[in-house]
Each structure stands twice: as C-alpha cells, then as structure tokens.
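The sequence and coordinates are shown first.

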Amino acid sequence: MYSFSNMVGGKTLSANASFDVINPSTHDLAGKAPLATSADLDQAVAAAAAAFPAWSGLSDAERQDYCHRVADKLEQHHEELARILTSEQGKPMAGMGSMFEIGGAIAWARYNAALEIPVEVLQDNDNGRVEMHRKPIGVVGSITPWNWPVMIAVWHIIPAIRTGNTVVNKPSPFTPLSTLRMIELMNEVLPAGVVNSLTGDDSLGAAMSSHAKIGKIVFTGSTPTGQKIMTSAADTLKRLTLELGGNDAGIVLPDCDPAAIAPGVFWGAFINNGQTCAALKRLYVHDSIYQQVCDELVAFARTIKVGDGFDDNSDLGPIQNRMQFDKVNRLVRQSLELGSQLLLGGPVDDPDTLFFPITLIATDAVSDPLVQHEQFGPALPIIPFSDIDAVIAAANDNQNGLGGSIWTDDQQQFRQLASRMECGSVWHNKHGAIQPDVPFGGVKCSGVGVEFGKEGLLANTNIQVLFL
C-alpha cells in the first residue's frame, strides 16, 4: 500500500484526514492520500506566490536546466512511477500502458525544457523599436484527471514552470498517488515552492478556480466541470486553458482495405480502454465496405486480452471507477434497446467488477445515445453512411470538437474533407496521435486554448510590449 503526503513549500504537509485509493482491478486498497482543506490551499498558494519572484527572476537557461533535471529525475524512477500508476489506474504496465505513459511524460518534459522563448521585434526603424516580451502569469492552478494522470500533470506543470510560473497541482481523487510521488521527486530537484501538490475532493478544485491569488487555471477533464471552472474563474478574470471532452468521429471511405485499417481503427478507439479524450468514439463507415469493416474489427478485437494491469498478458485493463463503468454500461444498454446490433461484448450484469468487455455495436439510429454522448470507455458504435455530405454533417452535429479522422488512400480528398470538419485536429488513416511539438486543443465545447508546442508553452505567459 502506498502513502504519500502533499508537498507545500518544498516540505511535506501534515493532514488531519485521508481517503482511500482503490485498485480498480482487484478492489484492494492501493493506498491513502491526504484530504486537503481550504486552509491547506491557502498555504500552498502562499508558498507558490513566495517562490515566484526568485523563480521568475532566473535566466531562461537556468529554468531550462531545472526542467531537464526534472526529466532526468523522472527517468530514474520510471518503473517505480509506472507501478504506482497501474495500482491505482488499472492500465497494464506494458504496451500503451503505464510504462508508455511515464515515458511520454519524460519526453514531454524534455521537449518543453528545450524550447526557447525569444523576444519578438515588432518594429525597428526610424520611428523606434518595439519589442514583444513574454512574462509569467504568477501562480498556476493545475487540475488533472484520472485517465492519464502522470502524463497530463507533466503537460500542465512543465510548460508553466518553464515560462517562470509556480504551480499548485490537484490530481483526481481516483488516481492521486502517482502524481503525489512525481511531485515529491520534482521537489528533490526544484527550489522550494515552485511545484506544490494538494489532494482532495471536488470542492478543492472549485476553491482553486475561484482563488484570488491563482492567476491561471489549466484543467483537463469533462465539459460540465470545465464550464463550472470557467464560471468561477470569471470574478478574477483568470487565464484559462481547458482541454475538455471529445466525441471524436472517424470516417472510413470506400477505397479503404478493411483488414489493413482494422488495427489502426481499433487502437484509435480503444487506447487506454477508450478512456482518452481524443479517442475515436463514433465510427462512420461507407456502406459498400461496412460489413467487412465490422467483421475485421470484431476479428481483431477478439485477439485483445482484458485483465489485471500487472498480468503481462493483459492488453487493456478495467474501467477506472464505478461512475464511469455505470455510464458506459448504461449507454450500451440504451443503444441495444433502440434496436442496435451487438457485434461483440455487451452490457455487464456483475455489480462487483470494473472489467468491461470490448464492445462493438452496429447502429444507424441518429438518436442513439452511444453516438450522441461521449462514452469514455471500451464501447464503439459503428454507423453506415452512403452520402459524404451527410456524414460530414453528422460528424459535425455534436457539441464537441476535439478531434476527427478520415480513412482513405486519396490524400487530396482527405484534405478537402478535413477542412470541413469542426474539430481541432484531423488525422489521416490514424486517430488520436499527439506529439509535444504540435498544438492540441478543441473547438466548440471541447475546450479553450491549446497545449503543446510553442503555442501551448506561451499560453502560460502574458504579453508585455516595450516601446523603445
């Protein structure tokens, strides 16, 4: 069993209460996390604010060096962090599981550490010189989810401190342990107060988003929670980066080879057991190859083993928590009640398990809730289409707009159709591929702002213009 403390001002913070963290595979106690109070939040924000002048006053090169040292420290503890992560999140150690996630966190840390923040000269002539500088905001509040807890925490924290901010991080109460341990390790490298951690319930996140001395909130999670954060941040006009829900559509055109695309489509939908914002969640397939695509996906899915994350043979783990399990189960049942065809898997009657079978459903109902709502789990609706204009309209007919994909051998047609999709990223013959040097974010109700790349880094700054 793991037990970690909150870190505030470079020191462990004692707590009067704690809460249990459960292993979703076994239902055993994975560990205990401290239950922070509003007074603890004030203390953490004060520590971050106290560290800000010295940290923001360092040279750019010095902060780069610190971030590289953080990446080195995480790499030294790669397997340890992965084991903690599997124990609380459930994903397998191997494959695209916990070792993959920690490796991704390290890679993102190194990339952001290496980025430059140049002064941009807007004018330099007889009328004078004008320079645009980037200044840190101050204290950044980071609220992170349970699906990729360590990697997303790095996405939040490293760009913030790289640009001279200090951070207070609150991980999801479902998966706080790996993040607490990671921030402990960061504090072995960084000056006191630069990165602070607090674990607690949802009320702590609400207090962060309204806190007068937090200058920015970066949040990854559901759209309803993002809307609440946006509302509570309004009084202090906080800067916001919100990466919210997705209901990504994939469109398979008739020139595709069903057998060739099946593995890519499958992993685009089922990476992390479907518990990924930018996973493929609605698959539209041209009716001329619809049955073949369904058959190939079923055949491929049958080769995938769902099991305990510490079992070397497991490809996918459980759904992380009961709330999400029940949502997926409910959407699958509702879809079948409307007359959809179950191709594989199906609803689960066992009230004690969080293992959900890989589920593929053939449906053509426009009102199917499994199509209209983000399931965030291992269930994929497959919808036939015949008219390209109609399927583009169907893909866009959703409040979300995070990502989308088009599967075709015709790159020119891909470009034409991609330009008509209402989403932040469109992938060609793959889905959900992200990388640290490419901006990532959504439109409509899928978020505000972007992460990654230079654009994501600079989202942690304010602009100051100097007229010389």
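## Helix α2 and its surroundings

The buried residues of helix α2 pack against α1, α3, α4, α5 and α6; contact here means heavy atoms within 4.5 Å. Those buried residues are R63, Q64, Y66, C67, V70, A71, K73 and L74. A residue is called buried under 20% relative accessible area, exposed over 50% and partly exposed in between, with a 1.4 Å probe and protein chains only. Helices (H or I, at least four residues) and strands (E, at least two) are DSSP runs, numbered from the N terminus.

The geometry of α2 is consistent with its length: at 1.5 Å a residue, its 17 residues should span 24 Å, and the end C-alpha atoms are 25 Å apart, which agrees. The expected span is taken as 1.5 Å times one less than the number of residues.

## Basis of the model

The model is predicted: local features need pLDDT of at least 70 and side-chain atom pairs count only at pLDDT 80 or more, whereas totals for chains, interfaces and linings use all residues. Residues are numbered from 1 along each chain as its sequence is written, and side-chain values use heavy atoms, with hydrogens and water left out.

## Nonpolar cores

A nonpolar core is a set of buried Ala, Val, Leu, Ile, Met, Phe, Trp, Tyr and Cys residues joined through side-chain atoms within 4.5 Å. The largest such core holds 49 residues, of which I157, I161, M182, M186 and L190 touch the most other members. Two or more residues each are given to this core by α1 (38-56), α2 (60-76), α3 (78-89), α4 (98-114), α5 (149-162) and α6 (177-187). The largest share, 10 residues, comes from α5. M182 touches L74, L81, V150, A153, V154 and I157, when residues up to four places away in sequence are not counted. A second, separate core of 28 residues includes L283, V293, L297 and A301. In soluble globular proteins, nonpolar side chains tend to be buried together.

Helix α5 also holds A160, which is buried with a relative accessible area of 0%. Leaving aside neighbours within four places in sequence, A160 is in contact with V140, N165, V167 and N460. A160 and Q435 are 275 residues apart in sequence and 18 Å apart in space, C-alpha to C-alpha.

## Salt bridges

A salt bridge is defined as a side-chain nitrogen of Lys or Arg within 4 Å of a carboxyl oxygen of Asp or Glu, and by this rule the count comes to 18. R63 forms one with D60, the closest N and O atoms being 3.7 Å apart. The two residues are 3 apart in helix α2, so about one helical turn separates them. R63 counts as buried at 7% relative accessibility, while D60 counts as partly exposed at 23%.

D72 pairs with R110 in a salt bridge whose closest N and O atoms are 2.9 Å apart. Because D72 lies in helix α2 and R110 in helix α4, the pair ties together parts that are 38 residues apart in sequence. D72 is partly exposed at 34% relative accessibility, as is R110 at 25%. The side chains of K305 and D311 also meet in a salt bridge (3.1 Å, N to O); K305 is partly exposed at 35% and D311 is partly exposed at 28%. Salt bridges that share partners join D60, R63 and R162 into one network.

Strand β17 (residues 379-385) is mostly covered, with 6 of its 7 residues buried. Two strands are said to pair if DSSP finds at least two bridges between them. Strand β14 (residues 280-286) runs parallel to β17 and is joined to it by 4 bridges, with L283 opposite I382. Strand β16 (residues 359-362) likewise pairs with β17 in the parallel sense over 4 bridges, and I361 stands opposite P381.

In strand β19 (residues 403-407), 5 of the 5 residues are buried, so the strand is largely enclosed by the rest of the structure. G403, S405 and W407 cover one side, and G404 and I406 the other. Parallel pairing over 4 bridges links β19 to strand β13 (residues 248-252), where G250 stands opposite S405. Strand β20 (residues 425-428) is also parallel to β19 over 4 bridges, and V426 in β20 faces G404. From β19 the chain crosses through helix α14 (residues 411-418) to β20 in a right-handed β-α-β crossover, meaning that, with the strands pointing away from the viewer, the path from the first strand over the helix to the second runs clockwise.
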